[in-house]
Amino acid sequence: MNAPVPTHVLPQFELRPAPEAMLSALKASFGARFTTAAAVREQHGRDESPYPTTPPEVVVFCESTEEVAAVVRLASEHSIPVIPYGTGSSLEGHLLAVQGGISVDVSGMTGIVRLNPEDLTVTVQAGVTREQLNREIRDTGLFFPIDPGANASLGGMAATRASGTNAVRYGTMRENVLGLTVVTASGEVIHTGTRARKSSAGYDLTRLFVGSEGTLGVITEVTLKLYPLPEAVSAAICHFADIAAAVNTTIQIIQLGVPIARCELLDVNAVRAVNAQSKLGLRESPMLLMEFHGSPASVREQAETVQSVATEMGGEDFEWASTPEERTRLWTARHKAYFAGMQTNPGCRSVTTDTCVPISRLAEIIDASVADADATGLPYYIVGHVGDGNFHLAYLVKDGDAGERALAEAMSERMVRRAIALEGTCTGEHGIGLHKMGFLVEEAGEGAVAMMRAVKRALDPKNIMNPGKIFAW
Ligand SMILES: Cc1cc2nc3c(=O)[nH]c(=O)nc-3n(C[C@H](O)[C@H](O)[C@H](O)COP(=O)(O)OP(=O)(O)OC[C@H]3O[C@@H](n4cnc5c(N)ncnc54)[C@H](O)[C@@H]3O)c2cc1C
């Protein structure tokens, strides 16, 4: 039975302490790359979620697949938890070491293993970040589009099935990972997928590990699709009198089939926050921030269609940003919106929602959620990858204020239930972690969760891989 987990309470599990002999063996192999220093353990036992820090017993910095396999073999022998660690930017309590164990930090695995521009593919070690990858391949005229805002690791992005601002055109990690090298829970090294664009060969293990949140194995290499840098890129902002007009504009753009690359919503609170932080001087009203990729003619055509839809919906002050500098300024501000929002209430923590619904139901869920949030009086802001039907309403609660936290979590729960009722999901891109565990059965059903549990038990019979996450063991 998978009992719902109250989302604002850290579930309690029994610790599984590592035997002294095992720690000594790890220390002998890793030297300075093995640490039990409190500050490092604490850094590895928290993420951007509002849960209290829950540190692992030890952190090991791995530099190769073989090193990861050696650590996992030892952990398996002693049934000690292993928590893979990329850059720590996840938001749902994914990294909390609820049973102690070893944090396997792969951020030092930063090699580009194989670049094949002629096939538009690249294989990277799991610790390569998306910004590093795009810097290193710039001369090929190609790029990797998945952009979760944070400069996350590609291993972590695969593990959380991340997406972000470009997904409306290029898809998510699900569509862009061709293959993986994985250290399984027994410490065996396996390869999934190939460099071919498609395959009908057996079960799709690549997609099983994409989104597995470190609960099935440690990803050590990722083979990705790349894309030609677009010939022309143009960004635009458009302001609206109310959030409903901005959302209805988005719905029409998507329903018309405009191949827009990015379509982001900022509510008035988010615009105020980015103005205060990045001195943008934007008009303080709900706005869409959009980007178009393609040939100059196609970009022009897309932009004209979008502008006419926006105007019909009452959009005003349509502004273009065609120079790379202007575009960078706007997108940097968008990427900083999370921290800009937090800065409006110093000392607060954010309880962030991540619902995603079919595009035709987006206006409905945003309207109801805004009314709910306004009624409680808690400060909040909204940013959203609305072109995908995905948005984040971040409630800002006083750190340590259990009453505010419970209020925000109750609103978050109501929003998730609305999304599920509209045939959507509790998480469009952040993943389940600890925070959304209570919703998985509601969304997927008992039968589907029982099948997930059967897969977990078959692949990780000792429950050592990131235990306590996604669903109850
Ligand atoms: C400001 C901000 C904005 C964000 N915006 C977005 C967004 O727009 N879209 C989006 O999708 N996400 C977003 N995120 C969330 C976050 O960036 C993603 O979840 C990201 O994919 C996490 O990558 P990471 O390298 O930081 O992984 P970590 O946080 O280190 O780990 C995340 C999970 O993956 C597992 N993991 C990490 N590396 C591996 C590995 N090599 N093998 C197996 N498991 C592994 C961990 O055990 C953990 O369960 C945002 C976060 C922040 C702070």
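This is a predicted model: local features need pLDDT of at least 70, side-chain atom pairs count only at pLDDT 80 or more; totals for chains, interfaces and linings use all residues.
Q: Which residues of α3 are buried?
A: First, the general idea. An α-helix has 3.6 residues a turn, so residues three or four places apart point the same way. Now the case here. Buried in α3 are Thr 65, Glu 67, Val 68, Ala 69, Val 71, Val 72, Leu 74, Ala 75 and Ser 76.

Q: Why does Ala 75 count as buried?
A: Buried means under 20% relative accessible area. Ala 75 counts as buried because its relative accessibility is 0%. This residue sits in helix α3.

Q: What does Ala 75 touch, beyond residues up to four places away in sequence?
A: Its contacts are Met 22, Ile 80, Val 82, Ile 102 and Ile 464. For a distance along the chain, take Val 268. The C-alpha atoms of Ala 75 and Val 268 are separated by 49 Å, and the two residues are 193 apart along the chain.

Q: Is Thr 223 buried or exposed?
A: Read the relative accessible area. For Thr 223 this value is 10%, so the residue is buried. Thr 223 belongs to strand β10, residues 217-225.

Q: Which side chain does that of Thr 223 join in a polar contact?
A: The partner is the side chain of Thr 123, at 2.8 Å. Setting aside residues up to four places away in sequence, Thr 223 also touches Val 122, Asn 176, Val 177, Leu 178, Gly 179 and Arg 195.

Q: What is the span of helix α9, and what should it be at 1.5 Å a residue?
A: The 13 residues of α9 (residues 243-255) should span 18 Å, and the end C-alpha atoms are 18 Å apart, so the two agree.

Q: What is found at the two ends of α9?
A: At the start, a side-chain oxygen of Asp 242 comes to within 3.3 Å of the backbone nitrogen of Ala 244. Just after the helix, Gly 257 takes a positive phi of about 80°.

Q: What do the buried residues of α9 pack against?
A: They pack against β13, β14, α11 (296-312), α14 (362-376) and β17. Among the buried residues of α9 are Ile 243, Val 247, Ile 251 and Ile 253.

Q: In what order do the 7 strands of the open sheet lie?
A: The order is β15-β12-β14-β13-β17-β18-β16, with antiparallel pairing. The edge strands are β15 (316-321) and β16 (348-352), since each pairs on one side only. On average, neighbouring strands are turned by 20° against each other, direction ignored.

Q: How many bridges join β13 to β17?
A: There are 2 bridges, and the strands run antiparallel. Leu 265 stands opposite Gly 384 in β17.

Q: Which strands does helix α12 lie across?
A: Helix α12 (residues 324-335) lies across β12, β13, β14, β15 and β17, at about 130° to β14. Helix α15 (residues 402-421) also packs on the sheet, touching β16 and β18. Its direction makes about 165° with that of β18.

Q: Which residues touch the most other members of the largest nonpolar core?
A: The core has 44 residues; Leu 265, Met 290, Leu 362, Ile 365, Ile 366 and Tyr 395 touch the most other members. Apart from this core lies another of 27 residues, including Leu 23 and Val 71.

Key. Residues are numbered from 1 along each chain as its sequence is written. Side-chain values use heavy atoms; hydrogens and water are left out. Buried means under 20% relative accessible area, exposed over 50%, partly exposed in between (1.4 Å probe, protein chains only). Helices (H or I, at least four residues) and strands (E, at least two) are DSSP runs, numbered from the N terminus. A polar contact is a pair of N or O atoms within 3.5 Å; within protein, one must be able to donate a hydrogen and the other to accept it, and residues adjacent in sequence count only if both atoms are side-chain atoms. Contact means heavy atoms within 4.5 Å. A nonpolar core is a set of buried Ala, Val, Leu, Ile, Met, Phe, Trp, Tyr and Cys residues joined through side-chain atoms within 4.5 Å. Two strands pair if DSSP finds at least two bridges between them. Axes are lines fitted to C-alpha atoms, for helices over the stretch in contact, and angles run from 0 to 180 degrees between N-to-C directions. The expected span of a helix is 1.5 Å times one less than its number of residues.
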